[in-house]
Amino acid sequence: MATLDRVKILVLGDSGVGKSSLVHLLCQNQVLGNPSWTVGCSVDVRIHDYKEGTPDEKTFYIELWDVGGSVGSASSIKSTRAVFYNSVNGIVLVHDLTNKKSSQNLYRWTLEAIYKDSSPTGIIVSNGEYDREQFVENPLPLLLIGTKFDQIPENKRNEVLTRTAFLSEDFNAEEINLDCTNPKYLAAGTTNAVKLSRFYDKVIEKRYFTKDPSQMAGFTDRKRFNFKSLHYD
Amino acid sequence: MSFLVDSVIMFTSQVLFFGFGWLFFMRQLFKDYEVRQYVVQVVFSVTFAFSCTMFELIIFEILGALSSSSRYFHWKLNLYVILLVLIFVVPFYIGYFVVSNIRLLQKQRLLFACMVWFTFMYFFWKLGDPFPILSPKHGILSIEQLISRVGVIGVTLMALLSGFGAVNCPYTYMSYFLRNVTDSDILALERRLLQTMDMIVSKKKRIAMTRRQMFQRGEDQNKQTRFWEMIKSVTSTQTGSENLSQIQQEVDALEELSRQLFLETVDLHATKERIEYSKTFQGKYFNFLGYFFSIYCVWKIFMATINIVFDRVGKTDPVTRGIEITVNYLGIQFDVKFWSQHISFILVGIIIVTSIRGLLITLTKFFYAISSSKSSNVIVLVLAQIMGMYFVSSVLLMRMSMPLEYRSIVTEVLGELQFNFYHRWFDVIFLVSALSSILFLYLAHKQAPEKHMAL
């Protein structure tokens with residue numbers, strides 16, 4: 001069995017939005033029976049066929065790193081979490097559709113992961129004032145996933161969907177709204193499954209098939225030391 | 001007329017306290033969460049407002065502000081309201097939110113919440129039996145019954161927190177106890193953590209690949225019909241799945257290890273930050289304070305032991321005793337009545353402010369540490385309950401710190417409780433809490449460098 005190439009995707013979001021259930025659903029195609037708090041980071045792997053059905057088809061490992069915690073954690077926890085943010089090729093942002101604060105906190109999460117800034121200050125403020133340029137320049141592909149879709153009452157659906165549409169525009173990302181306890185949302189052939197597949201392809205393309213030299217050096221070095229020697233690429 | 005003016009003053013101050021509680025809730029406690037049930041915020045602010053009003057009334061008592069009859073009236077009113085909130089409202093809502101979180105019982109929330117409340121009332125009532133807190137001449141439904149029980153719980157909480165705080169405060173302030181953590185220690189641990197994560201990832205890749213191959217092979221086999229081919233496929237899948245379960249077990253063990261390593265790394269980072277903080281000016285100031293507090297802590301433990309062993313209860317409060325000492329031994333003559341009033345005001349004021357501030361900070365820290373988006377409502381209500389009981393018992397215990405003439409209002413309003421019992425109980429729990437905190441911190445301190453060495 002030949003060793004395949006890999007890409008690393010972070011799964012970020014507030015505590016309790018359903019990241020662990022989501023990752024389990026994406027990788028095991030099963031619903032997670034007993035979700036519990038994630039301490040530290042839990043990883044799961046999915047095998048993905050890039051450009052499936054074409055002659056260029058190639059298989060990759062997709063590592064989904066589900067980092068636990070909240071944006072308001074102590075700085076010691078943030079410094080430790082920063083260890084997981086190395087050589088990241090894509091980010092999945094997860095928010096709870098029934099909780100507005102979790103969507104607002106996504107800006108701070110992105111800042112923390114991309115800029116490894118342990119004290120994200122007021123550049124991104126929860127009022128909705130933010131710096132759009134930050135996200136446009138950002139070369140990492142993002143995907144926005146809203147969970148607990150089934151818990152929104154019918155009359156509020158439109159309002160919530162408009163809000164998430166704005167959010168996906170801000171992040172310049174695709175959005176998927178689902179319920180992690182129901183596999184039908186990601187069944188083969190649905191729009192969601194197609195969006196997901198396109199996202200994976202985009203990440204793989206950015207990592208392996210772009211000729212852009214600046215992208216190689218961008219996110220693999222850290223202030224302290226280079227972890228490249230520890231990973232096989 | 002004066003009663004009306006006094007009532008207006010009291011009411012305005014209550015509104016102010018309510019506003020402060022509301023702001024504290026929004027800005028500090030629920031900073032990262034969305035408030036969906038405003039009931040929780042209202043209940044919290046109401047509890048806070050009425051607790052602070054009690055302290056305000058004590059201050060007014062000492063200062064002699066407002067007329068005596070209106071003060072008495074407001075005391076009674078405030079007490080009834082706070083007991084109502086602490087015994088009926090808050091426990092009921094706690095039960096309601098706990099039941100709401102459990103999916104099975106969603107349909108009949110109210111019914112189950114009432115059941116929870118009745119259980120609470122039963123245990124609350126039973127609490128009074130083992131303690132000699134009442135004289136037998138009180139009726140069943142008197143206010144003394146309720147206050148005495150609230151007092152017991154509150155005093156226990158106060159003593160536990162005081163005991164732990166008295167020991168923990170010098171431990172955290174003083175840099176003597178800080179373990180020496182270097183950057184290379186942290187880097188080594190981080191490297192180990194990442195190596196573990198890599199091992200987990202590679203094993204999961206094997207599992208995923210094996211599953212995929214099994215799936216593909218299974219599909220191919222479905223097309224063939226030869227009997228022995230099917231047997232072969234069964235045996236190979238069996239070894240495949242045995243292999244899988246073994247790898248899965250290894251993965252579980254590695255994941256547990258990665259969690260432990262993560263927590264240890266967080267610990268090291270926190271220690272390193274504290275070391276850096278201790279080098280700053282503020283850090284040095286706190287270190288100095290730490291030495292004072294350790295002496296104070298030792299003295300308090302000593303006094304608590306003496307009180308229990310010799311069955312001694314102080315008759316006079318520290319203010320009057322201090323004045324007596326200065327007058328008798330140091331020969332300084334001054335107007336006892338005037339000064340005792342002012343000094344007790346300052347002393348009681350300081351006690352109130354520091355205990356409110358200390359409690360709010362502790363509650364906030366506790367809340368951040370254990371809350372999640374599901375349980376935040378329940379935890380805030382539990383904290384409101386603790387806060388209310390804490391403040392009621394502070395009033396009970398504060399009686400000892402006030403000169404006789406001001407004690408009368410507390411005695412009058414709270415009824416004939418056995419105050420001495422509460423002080424004794426406080427000393428006992430304080431001693432137990434302080435000693436067990438010392439033991440606990442000693443063990444934790446000892447264990448950490450050993451864990452470190454094992455790397």
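Among contacts in chain B between residues at least 6 apart in sequence, 79% join residues at least 24 apart. Contact here means heavy atoms within 4.5 Å. The model is predicted, so local features need pLDDT of at least 70 and side-chain atom pairs count only at pLDDT 80 or more, while totals for chains, interfaces and linings use all residues. Residues are numbered from 1 along each chain as its sequence is written, chains are lettered from A and ligands numbered from 1 in the order in which they are written, and side-chain values use heavy atoms, with hydrogens and water left out.

Stay with chain B for a moment. Its secondary structure comes to 13 helices and zero strands. Helices (H or I, at least four residues) and strands (E, at least two) are DSSP runs, numbered from the N terminus. Of the 455 residues of chain B, 43% count as buried. Buried means under 20% relative accessible area, exposed means over 50%, and partly exposed lies in between, with a 1.4 Å probe and protein chains only.

How do two helices of chain B sit together? Two packed helices are described by the angle between their axes and the distance between the axes. Take helix 2 (residues 38-63) and helix 3 (residues 68-101) of chain B. Their axes come within 10 Å and cross at roughly 155°. That makes helix 2 of chain B roughly antiparallel to helix 3 of chain B. The cut-offs are these: angles under 35 degrees count as roughly parallel, over 145 as roughly antiparallel, 65 to 115 as roughly perpendicular and the rest as oblique. Axes are lines fitted to C-alpha atoms, for helices over the stretch in contact, and angles run from 0 to 180 degrees between N-to-C directions. The crossing of helix 2 and helix 3 of chain B is left-handed. A crossing is left-handed if the near helix is turned anticlockwise from the far one by less than a right angle, and right-handed if clockwise.

Further along chain B, find B:Lys126. This residue belongs to helix 4 (residues 109-126) of chain B. B:Lys126 is partly exposed, with a relative accessible area of 41%. B:Lys126 and B:Arg149 are 23 residues apart along the chain, and their C-alpha atoms are separated by 9.3 Å.

Now turn to chain A. Here an open sheet of six strands has the order 2-3-1-4-5-6, with mixed pairing. Two strands pair if DSSP finds at least two bridges between them. Which strands stand at the edges? They are strand 2 (41-50) and strand 6 (174-177) of chain A. Each has a single partner strand, so one side of each is left without a neighbour in the sheet. The twist averages 25° from one strand to the next.

Look inside the sheet next. Strand 1 (residues 5-12) and strand 3 (residues 58-67) of chain A run parallel, joined by seven bridges. A:Arg6 has A:Tyr61, in strand 3 of chain A, as its bridge partner. Helix 1 (residues 19-28) of chain A packs on the sheet. This helix touches strand 1, strand 2, strand 3, strand 4 (90-96) and strand 5 (142-147) of chain A. Its direction makes about 165° with that of strand 3 of chain A.

Helix 1 of chain A is mostly covered, with eight of its 10 residues buried. Among them are A:Leu22, A:Val23, A:Leu25 and A:Leu26. What covers the buried residues of this helix includes strands 1, 2, 3, 4 and 5 and helix 6 of chain A. A:Cys27 is buried too, at 13% relative accessibility. The structure holds zero disulfides over all chains. A disulfide is a pair of cysteine sulfur atoms within 2.5 Å.

Helix 6 (residues 191-209) of chain A contains A:Asp201. A:Asp201 counts as buried, at 18% relative accessibility. Leaving out residues up to four places away in sequence, A:Asp201 touches A:His48, A:Asp49, A:Tyr50 and A:Lys51.

Last come some backbone angles. Most residues other than glycine have a negative phi. Just after helix 1 of chain A, A:Asn29 takes a positive phi of about 55°. A:Ser87 also has a positive phi, near 40°. A:Ser87 lies in the loop between helix 2 (75-81) and strand 4 of chain A, and A:Ser87 is buried at 19% relative accessibility. A:Lys148 has a positive phi of about 65°. A:Lys148 is in the loop between strand 5 and helix 5 (157-171) of chain A, and A:Lys148 is partly exposed, with a relative accessible area of 22%.
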